[in-house]
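Colleague: I would like to go through the labels used for this structure and hear what each of them rests on. Please set the value against the cut-off each time.

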Amino acid sequence: KLFPGNTAPSRPAEWDPRVAPIAEFVGAERGLQWVHPVYVDFLAEADFVALFDQPTTPISEADQAAARSYSLLYDAFGLAVNYDATQGESTVSAVTTLGFYSLTSDRVFVRGDQLTPAVRVVLAHELTHALQAQHFELATGGEKDLELRSVVEADALRVEDVYIDTLSADEQAAANQANSVAPDAEQGLSDVPWAVVEQRYAPYVLGPMLVGDVFATDGNEGVNQLLITPPTEEILLNPWLYGDPGQEPVAVAVEVPLGNTVIDE
């Protein structure tokens, strides 16, 4: 996962010996050189979950307005009523996140303070994000946020899958079990509308087919081009259209009927 951060980047002079072999694997699989090592924080369960606690400082008016807009949008679609987007996002993150790379702090955080097979698999995924950030512009939240995130996550998932194949059968089984959400933990999502969870993880579902097809024909260079120029939403949803010169986006004018409120531009 790719998360924003709030601290200035701090970089180590060399890789943590526990991380170095996986970083080398990721660089070789992606066909990209590391510009510099990055810190990896191995956190115990309680310390990792605490990262997603609700902020104690007041939320800015802009963030409050954005949260209200999300709530209205879910309500308009009939997906959730009076949904607290801020609290919901925090809950989903705390329950389902196994690790994340922070763009602004240039640091990887993993859920686990021991280098188990599960943690090594998560590292392969998150280090791919760190490597992507050293070569491509990964600013999220823009006009093509979904499309970019889908390519970013699918790229990391592909590397993760290749890494898993290097493990023994017992290690693979242990990693898969440990990286699955336990039934008791899943109860924590009971108050979060399922549509919210689905939206959060849409990039992991939508991206792999397109990235897989492009990698099969054009290798890492093709994936690099997807990161440089994210696809349209139509191509993301219909990967077989990729490369078709007739698939240029067309501007559609929409007139808002009088007396209605625009929730999402």
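Colleague: Which residues bring α1 and α5 into contact?

Modeller: The model is predicted. In it, I22, A23, V26, G27 and R30 of α1 meet R120, L123, A124, L127, T128 and L131 of α5. By class, the residues of this contact are 7 nonpolar, 2 polar and 2 charged. Gly counts as polar here, and G27 is one of the residues α1 brings to the contact.

Colleague: How do α1 and α6 pack, by angle and axis distance?

Modeller: The angle is about 115 degrees and the axes are 10 Å apart. The crossing of α1 past α6 is right-handed. From α1, the contact takes I22, F25, V26, E29 and R30, and from α6 it takes D155, R158, V159, V162 and Y163. The classes here are 6 nonpolar, no polar and 4 charged residues.

Colleague: What makes the buried residues of α1 one side of the helix?

Modeller: The residues in question are I22, A23, V26, G27 and R30. Around the axis they cover an arc of only 135 degrees, which puts them on the same side of α1. An α-helix has 3.6 residues a turn, so residues three or four places apart point the same way. The face turned away from that side carries E24 and A28, which are exposed.

Colleague: What covers the buried residues of α1?

Modeller: The cover includes α5, α6 (145-164) and α10 (202-228). After α1 comes G31, with a positive phi near 65 degrees.

Colleague: D106 also has a positive phi; what makes that worth a remark?

Modeller: The value is about 50 degrees, and D106 is not a glycine. D106 sits in the loop between β3 (99-102) and β4 (107-111).

Colleague: Is D106 buried or exposed, and how do you know?

Modeller: Its relative accessibility is 4%. Buried means under 20%, so D106 counts as buried.

Colleague: Why is V40 called buried?

Modeller: V40 has 10% relative accessibility, which is under the 20% limit, and therefore counts as buried. The residue lies in strand β2 (residues 39-43). Leaving aside neighbours within four places in sequence, V40 contacts V19, V108, V110, L123 and L127. Among these, L123 and L127 also belong to the α5 residues that meet α1.

Colleague: What puts T232 in its accessibility class?

Modeller: The value for T232 is 16% relative accessibility; the limit for buried is under 20%, so T232 counts as buried. T232 is in the loop between α10 and α11 (233-237). From the C-alpha atom of T232 to that of A139, 93 residues apart along the chain, the separation is 17 Å.

Colleague: Why is N179 called partly exposed?

Modeller: N179 has a relative accessible area of 23%. Buried would need under 20% and exposed over 50%, so N179 falls in between and is partly exposed. N179 lies in the loop between α7 (169-178) and α8 (183-186).

Colleague: What does N179 touch beyond residues up to four places away in sequence?

Modeller: N179 touches L98, A118, V121 and V122. The C-alpha atoms of N179 and L98 are separated by 7.2 Å, although the two residues are 81 residues apart along the chain.

Colleague: How do you know the class of Q64?

Modeller: Q64 has a relative accessible area of 35%, which lies between the limits of 20% and 50%, and is therefore partly exposed. Q64 is part of helix α3 (residues 61-76). Its C-alpha atom and that of I22, 42 residues apart along the chain, are separated by 40 Å.

Terms used:
Residues numbered from 1 in each chain as written. Predicted model: local features only at pLDDT ≥ 70, side-chain atom pairs only at ≥ 80, totals over all residues. Heavy atoms only, no water. Contact = heavy atoms within 4.5 Å. Helix = DSSP H or I, 4+ residues; strand = E, 2+ residues; numbered from the N terminus. Buried < 20%, exposed > 50% of the residue type's maximum accessible area, 1.4 Å probe, protein only. Arc of directions from axis to C-beta. Axes fitted to C-alpha atoms, helices over the stretch in contact; angles between N-to-C directions. Left-handed = near helix turned anticlockwise from the far one by under 90°.
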